[in-house]
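Please examine the structure shown below together with this briefing. The points that follow are grouped by topic.

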Amino acid sequence: MEKMKLVLVGNGMAGMRTLEELLRAAPDLYDITVFGDEPQPNYNRIMLSPVLAGEQTIEQIILNPRDWYAERGITLYTGKRIVKIDRKRRTVTADDGTAADYDRLLLATGSKPFVLPVPGANLAGVVGFRDIADVAAMIAAAGQYQNAVVIGGGLLGLEAANGLKLRGMDVSVVHIGDWLLDRQLDEPAARLLQQNLEAKGLKFLLQKQTQEIIGEQRVQSVRFKDGSEIPADLVVMAVGIRPNTQLAESAGLHCNRGIVVNDTLQTYDPRIYAVGECVSHRGIAYGLVAPLFEQARVCANHLAEHGVARYQGSMTSTKLKVTGIDLFSAGNFMGGEGLEEIVFQDVGRGAYKKLVLKDDQLAGAVLYGDTLDGAWYFELMREHTDVSDFRDRLLFGRSHLGDSGHGDEKSRIMALPDKAEICGCNGVCKGDIIKAIREHKLFTLDEVRAHTKASASCGSCTGLVETILAATAGGDYSVAPSKKPLCGCTEYSHDEIRDAIRQNNLKTLPDVLRFMNWKTPDGCAKCRPALNYYLLCAWPTEYQDDAQSRYINERAHGNIQKDGSFSVVPRMWGGLTNPKELRAIADVAEKFKVAEVKVTGAQRIDLFGVNKADLPALWKDLSAAGFVSGHAYGKATRTVKTCVGSQWCRFGTQDSTGLGVKLEKMAWGSWMPHKFKLAVSGCPRNCAEATIKDFGVVCVDSGYELHVGGNGGIKVRVTDLLTKVESEAQVLEFCAAFIQFYREQAHYLERTAPWVERIGLAHIKAKVVEDAANRRTLAERFAISQKPAQVDPWKERAGGEQKHEFTPLVALA
Amino acid sequence: MNENWIQVGRVEDIPRQGARIIKTSTGDIALFRTVDDEIFALRDQCPHQGGPLSQGIVHGKKVACPLHDWKIALDTGLAVAPDIGCAARYPVRVADGVVSLALTPKSSAGST
């Protein structure tokens with residue numbers, strides 16, 4: 001069968017990204033032809049600034065060399081501008097007469113620099129800053145002439161000015177506004193920026209309006225409205241860009257400050273799609289790469305005839321690519337009516353931070369000097385997190401970001417040697433990351449993770465990896481999709497899937513995959529465990545657990561070790577034990593030749609090096625001695641750590657051990673979004689370390705403080721105080737309600753610490769503390785789900801269930 | 001081919017989307033059953049750090065190693081890009097629901 005024909009007009013980043021996504025999704029669907037009006041194959045336009053500054057070469061920023069097109073059978077025409085689309089005959093024609101037929105047409109014509117309509121704008125020596133030819137003209141001028149004038153104090157203008165200065169020119173930046181980057185920065189931050197750039201030798205003429213560019217054939221000077229004049233051998237027009245819609249308009253496609261597209265990136269002609277800077281989506285034309293790549297992903301999905309993705313707009317943030325200058329801005333950073341501002345300013349250190357709040361949510365941010373927390377602020381904005389409970393600390397950033405002794409400034413990260421370890425979990429050095437980004441043309445954090453494993457484990461170095469990515473590949477890769485799909489098998493987010501399960505009575509895994517149009521026949525190792533949990537949480541009394549969708553630890557009810565053996569942790573209620581239990585453990589350890597016996601951090605005993613085949617027999621002995629599974633291996637309620645409390649301790653205020661036992665009896669056996677640890681301390685000395693647990697109780701003379709959202713792991717996070725109660729019965733009810741709320745709301749594999757930060761403590765307080773009726777309902781739902789959950793999996797398996805899991809099919813030897 | 005086929009069990013002895021182990025004198029072999037009831041055999045060792053592939057989650061024609069989540073293609077034994085490595089494959093055939101295995105690994109590119 002003959003393939004459909006796809007023609008791409010515009011050989012730039014957005015269009016080519018769409019093709020790459022398309023080839024991944026449907027490699028054989030189309031015969032593809034690409035037209036580009038520049039002589040080069042696709043290159044990274046964002047990196048023109050570093051090329052101008054002499055920090056990179058043109059070869060280094062080529063994204064798809066000509067071989068790439070050839071290897072994939074794509075016909076590439078460079079240096080040919082499409083001048084006509086015949087929508088009836090479905091052909092496009094280039095300026096030299098080259099023509100191509102299409103079944104689908106993809107327009108990615110980008111944008112054009114806006115040229116001020118002043119006399120002299122067409123003189124030699126007046127250039128834009130848009131493509132390789134412009135950069136080449138600037139570099140050539142820098143070798144010959146002295147005076148450069150950049151018109152426009154926006155991102156592009158400042159990057160051009162910086163590059164020309166580094167190439168030895170005397171550079172003046174002319175800006176009509178009151179301060180630089182007036183669309184990205186407020187005045188105080190812009191003043192700091194100006195000081196820094198002046199220290200680099202740049203000159204600024206603010207509130208100046210250009211009236212005329214003067215010269216015979218080549219430019220000689222620039223004259224302003226106020227009558228003043230400065231000499232110029234080179235003028236760079238960087239006053240803005242306009243979507244390049246000329247071709248689309250000539251073909252009669254509806255344009256309104258961009259080619260108008262719907263959420264599937266389709267234009268008013270259903271055979272014609274458009275992506276990138278030339279597009280107007282819901283009235284917005286985007287100029288940053290992250291939203292354009294998201295458009296590319298959605299458009300490719302439709303070109304591949306999968307037909308499920310939607311582009312719903314992006315939230316964007318800004319970074320400036322001038323080495324040694326760190327600034328970040330996002331959202332509404334100017335403030336105004338109904339908005340509140342939190343400001344930090346340290347002129348001596350050149351640091352400035354402003355956060356803008358609206359209705360207890362972060363609405364915008366400007367950071368200057370130290371931008372490492374930009375990604376976090378951006379996330380808070382995107383998630384609409386209620387920040388009222390940590391408002392006093394908000395300005396100081398996510399204090400645990402970028403730990404492992406790396407320091408906290410971007411410039412320091414980029415100054416690190418290539419050998420510096422960035423990801424401690426996977427032993428990945430800075431040089432490895434940069435090499436992978438360059439060699440494999442990586443653009444997103446996920447891609448860097450896939451190739452290098454950097455930040456793919458604990459994630460604490462994510463900020464560092466993002467910084468390296470931004471500095472190596474370009475400026476604005478803080479991807480901000482309007483929602484994040486659960487995994488590559490679906491377009492739907494965690495929350496959408498959970499809602500669909502409940503609203504549509506989906507009760508089995510295959511039902512969910514079918515109903516939600518899963519792209520893979522049976523999901524993947526990421527989505528199946530999540531779906532299994534969501535189903536189990538939604539239908540606790542009906543759902544038939546799917547063992548094959550569980551990670552091995554939960555299937556085999558032990559912790560797999562690096563040699564394939566398992567470890568076993570029997571449950572000791574509240575951390576209490578006795579000689580009979582200890583004897584039973586000792587007997588089991590000897591009988592099954594346990595290689596190592598260790599006391600865990602959670603006050604339990606761990607038996608290491610057990611062969612999988614021995615597990616059922618070992619459990620049988622433990623079961624006979626009264627033990628049940630400690631669930632130390634699962635995304636489940638773990639143990640309750642306790643101190644001795646008022647029964648023995650001279651400082652104890654309440655019976656912390658007894659309360660710990662009661663809590664553990666209530667909570668054990670529950671499957672959770674992630675592991676869930678509890679502790680009870682008998683007094684504020686807090687020997688049980690309750691303030692770094694998911695749920696911690698600190699006893700005081702007058703009652704019990706309840707703390708939530710703590711974590712003692714990779715990112716140490718101290719709990720937030722949920723509330724204080726007076727009786728043990730209340731502790732149990734609040735605990736049950738909190739657990740159930742977390743079970744029903746958190747994303748799979750999201751610990752309470754990030755969950756509390758994402759949805760905000762205020763929200764949890766409203767549902768669990770302030771609304772007593774809701775609290776009781778939550779606690780009741782937890783009790784219902786606990787009935788089928790509190791069956792000891794070890795005893796079942798010791799009795800012969802799931803035998804195939806523990807025995808070889810056959811032994812040939 | 002002069003392969004010696006050994007009958008090792010029935011298709012339904014292996015859980016769908018799961019695996020069983022075959023013990024041999026030279027180490028374990030993992031026998032996988034996909035959601036479509038296709039059967040594959042690989043040496044039960046991840047090319048990365050030797051993790052037991054039989055313990056991983058089977059999805060499509062791939063298994064995710066339980067130790068570090070490498071994905072290994074069941075039909076080729078190759079690690080899914082960008083990871084690089086290969087687990088030895090063994091010939092398998094199914095007749096009347098009975099699974100037979102040959103103990104001579106198939107030669108495949110990059111096999112060790």
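Angles between axes count as roughly parallel under 35 degrees, roughly antiparallel over 145, roughly perpendicular from 65 to 115, and oblique for the rest. This is a predicted model, in which local features need pLDDT of at least 70 and side-chain atom pairs count only at pLDDT 80 or more, while totals for chains, interfaces and linings use all residues. Residues are numbered from 1 along each chain as its sequence is written, and chains are lettered from A and ligands numbered from 1 in the order in which they are written.

**Chain A as a whole**

- Chain A has 28 helices and 37 strands; helices (H or I, at least four residues) and strands (E, at least two) are DSSP runs, numbered from the N terminus.
- With a radius of gyration of 31 Å, close to the 28 Å that the globule rule gives for 813 residues, chain A is as compact as a globular protein of that length. The radius is taken over C-alpha atoms, and the rule is 2.2 Å times the number of residues to the power 0.38.
- The C-alpha trace of chain A spans about 100 × 70 × 50 Å along its principal axes.

**Helix packing in chain A**

- Helix H1 (residues 13–25) and helix H9 (residues 289–303) of chain A have axes that come within 8 Å and cross at roughly 40°. Axes are lines fitted to C-alpha atoms, for helices over the stretch in contact, and angles run from 0 to 180 degrees between N-to-C directions.
- H1(A) and H9(A) are therefore oblique to each other.
- The contact of H1(A) with H9(A) has 11 nonpolar, three polar and three charged residues. Ala, Val, Leu, Ile, Met, Phe, Trp, Tyr, Cys and Pro count as nonpolar, Asp, Glu, Lys and Arg as charged, and the others, Gly among them, as polar.
- Helix H13 (residues 430–440) of chain A packs against H14(A) at an angle of about 110°, their axes being 10 Å apart, which makes H13(A) roughly perpendicular to H14(A).
- Among the residues of this contact are A:Ile433 and A:Ile437 of H13(A) and A:Val448 of H14(A); residues are in contact if their C-beta atoms, placed from the backbone, lie within 7 Å.

**A parallel sheet in chain A**

- An open sheet of five strands in chain A has the order S3-S2-S1-S7-S19, with parallel pairing; two strands pair if DSSP finds at least two bridges between them.
- Strand S3 (75–78) and strand S19 (272–274) of chain A stand at the edges with a single partner strand each, so one side of each is left without a neighbour in the sheet.
- The twist from one strand to the next averages 15°.
- Strand S2 (residues 30–36) of chain A pairs with S3(A) over four bridges, and A:Gly36 stands opposite A:Thr78 in S3(A).

**Where chains A and B meet**

- The contact takes 22 residues from chain A and 27 residues from chain B.
- Helix H14 (445–452) and strand S37 (810–811) of chain A each supply at least two residues of the side that touches chain B.
- That side of chain A has 13 nonpolar, six polar and three charged residues.
- S37(A) pairs in the parallel sense with strand S2 (residues 18–24) of chain B over two bridges, and the bridge partner of A:Ala811 in S2(B) is B:Lys23.

**Backbone exceptions**

- Most residues other than glycine have a negative phi, and most peptide bonds are trans.
- A:Glu305 is not a glycine, yet has a positive phi of about 65°; A:Glu305 lies in the loop between H9 and strand S21 (317–319) of chain A.
- B:Ala81 and B:Pro82 are joined by a cis peptide bond, with omega about 5°.

Notes. Contact = placed C-beta atoms within 7 Å.
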